[in-house]
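Work through the exercises below with the coordinates open. Each task is followed by a stepwise solution.

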Amino acid sequence: MEHALTVPRAIRHVVTLSFVILALLSVMAPARAATLEGDSTDYRLTFPVDGEHHFWDTFWASRSHGIHGAQDLMAAKGVPVLAAASGTISLVNWTAQSHLNRSRCCSLVLRHDDGWKSVYIHLDNDSPGTDDGKGWGIADGIVPGAKVSVGQVIAYVGDSGNAESTPSHLHFELYTPNGVVVNPFDALVRAGGNTSVPGGADALMSGSRILRNGERGSDVVRLQQLLKEIGHNAGPADGIFGPRTERAVRSYQATAQLASDGLVGVTTRGALAWDTSSANVILRQGSRGHMVRYLQTKLTAAGYDVGRPDGIFGPMTRAGVLSFQATTGLASDGLVGSRTRGALVS
Ligand SMILES: [Zn+2]
């Protein structure tokens, strides 16, 4: 601090002034000009789902019509959907007419007061607790022309439209005043959105939920990446377990001599870990997880008694590894690296 006192007063004033100018600029700066489709934006909005939710960046995910161009905010049916900004409802179920088309339930378009636009799709169309398509998940008074304030409840999360067979979510799109669709991921994160998707980054290898057709998550992204790495193309790694992913899983399972059921539980996870681990992954006494469990089933199948496959590399598993190594002429060190893995494949 003493050092600061030696700085000439004029310089100190300049420094102070620059800070003031910078602070003013950051307050006055409009949202970063995003002009290209898919640009990220720091547009200030209110997170449009008012309840437990999660999401990951699905903007560039592939859809039948091209890219997704939106963020899917995963939440339970009936969770309130909030206006991301103040503005005027311009379309309800794709009509600007006040005589609403109930059969097209449920979507909303909100024209913000600043010229931006947000779109809300797959809103609830079911009676509570059912999937009957007879509900109306748009809040009272929300009709074309209605003025709404930021944070106001405008609708409820659902699975309508082409989301009937997927977990419920809000499909959220954001457009600049020039009508360019931008990627709202950063803006949603900044608005407090929860991106800790079930399981997180290592979800596939540490998790145990059964992945199957219709599931979504970062573990599905990882699954799709790994399948592709080993030659079973599941399509784009978009985190959505659809028919292509299921076909890839079945084809991998057949190759790995597993039951070809299209379900990814602990056995398929273990096999995937086994088949995709880099050469420097070494299992040893004390290791745990699906890959250890897979090792145990391999040893059992090869005639080595390692007890019940429990995913814990204990003394019995080590004894089994040692005798397998001795029999196959490998260095008997009880460590399972790429060589021992390779020998166990045959
Ligand atoms: Zn979507």
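**Exercise 1. Find the residues in contact with Val81, leaving aside its neighbours within four places in sequence.**

Solution. The model is predicted.
- Step 1. Apply the contact cut-off: C-beta atoms within 7 Å.
- Step 2. Collect the partners of Val81: Pro48, Val49, Tyr120, Leu123, Ile154, Ala155, Tyr156, Val157 and Leu170.
- Step 3. The largest nonpolar core has 41 residues. Val81, Leu108, Tyr120, Leu123, Ile154, Ala155 and Leu170 touch the most other members.
- Step 4. Look beyond this core. Another core lies apart from it and has 31 residues, including Leu226, Val264, Met291 and Val321.

**Exercise 2. Decide which residues of strand 4 point one way and which the other.**

Solution. 
- Step 1. Locate strand 4 at residues 71-75.
- Step 2. Recall the rule: in a regular strand, side chains alternate between the two faces of the sheet.
- Step 3. Check burial. Five of the five residues of strand 4 are buried, so the strand is mostly covered, with 20 or more other C-beta atoms within 10 Å as the cut-off.

**Exercise 3. Classify the packing of helix 7 and helix 8.**

Solution. 
- Step 1. Helix 7 spans residues 266-276, and helix 8 spans residues 290-301.
- Step 2. Their axes are 7 Å apart, at an angle of about 90°.
- Step 3. Angles of 65 to 115 degrees count as roughly perpendicular. Therefore helix 7 is roughly perpendicular to helix 8.
- Step 4. List the contact. Helix 7 gives Val266, Arg269, Gly270, Ala271, Ala273 and Trp274. Helix 8 gives His290, Met291, Arg293 and Tyr294.
- Step 5. Sort by class: six nonpolar, two polar and two charged residues.

**Exercise 4. State how many helices and strands the protein has, and what share of its residues count as buried.**

Solution. 
- Step 1. The protein has 10 helices and 12 strands.
- Step 2. Of its 346 residues, 37% count as buried.
- Step 3. Consider contacts between residues at least 6 apart in sequence: 56% of them join residues at least 24 apart.

Notes:
Residues are numbered from 1 along each chain as its sequence is written. This is a predicted model: local features need pLDDT of at least 70, side-chain atom pairs count only at pLDDT 80 or more; totals for chains, interfaces and linings use all residues. A nonpolar core is a set of buried Ala, Val, Leu, Ile, Met, Phe, Trp, Tyr and Cys residues joined through C-beta atoms within 7 Å. A residue is buried if 20 or more other C-beta atoms lie within 10 Å of its own, exposed if 12 or fewer, and partly exposed in between; C-beta atoms are placed from the backbone. Two residues are in contact if their C-beta atoms, placed from the backbone, lie within 7 Å. Helices (H or I, at least four residues) and strands (E, at least two) are DSSP runs, numbered from the N terminus. Axes are lines fitted to C-alpha atoms, for helices over the stretch in contact, and angles run from 0 to 180 degrees between N-to-C directions. Angles under 35 degrees count as roughly parallel, over 145 as roughly antiparallel, 65 to 115 as roughly perpendicular and the rest as oblique. Ala, Val, Leu, Ile, Met, Phe, Trp, Tyr, Cys and Pro count as nonpolar, Asp, Glu, Lys and Arg as charged, and the others, Gly among them, as polar.
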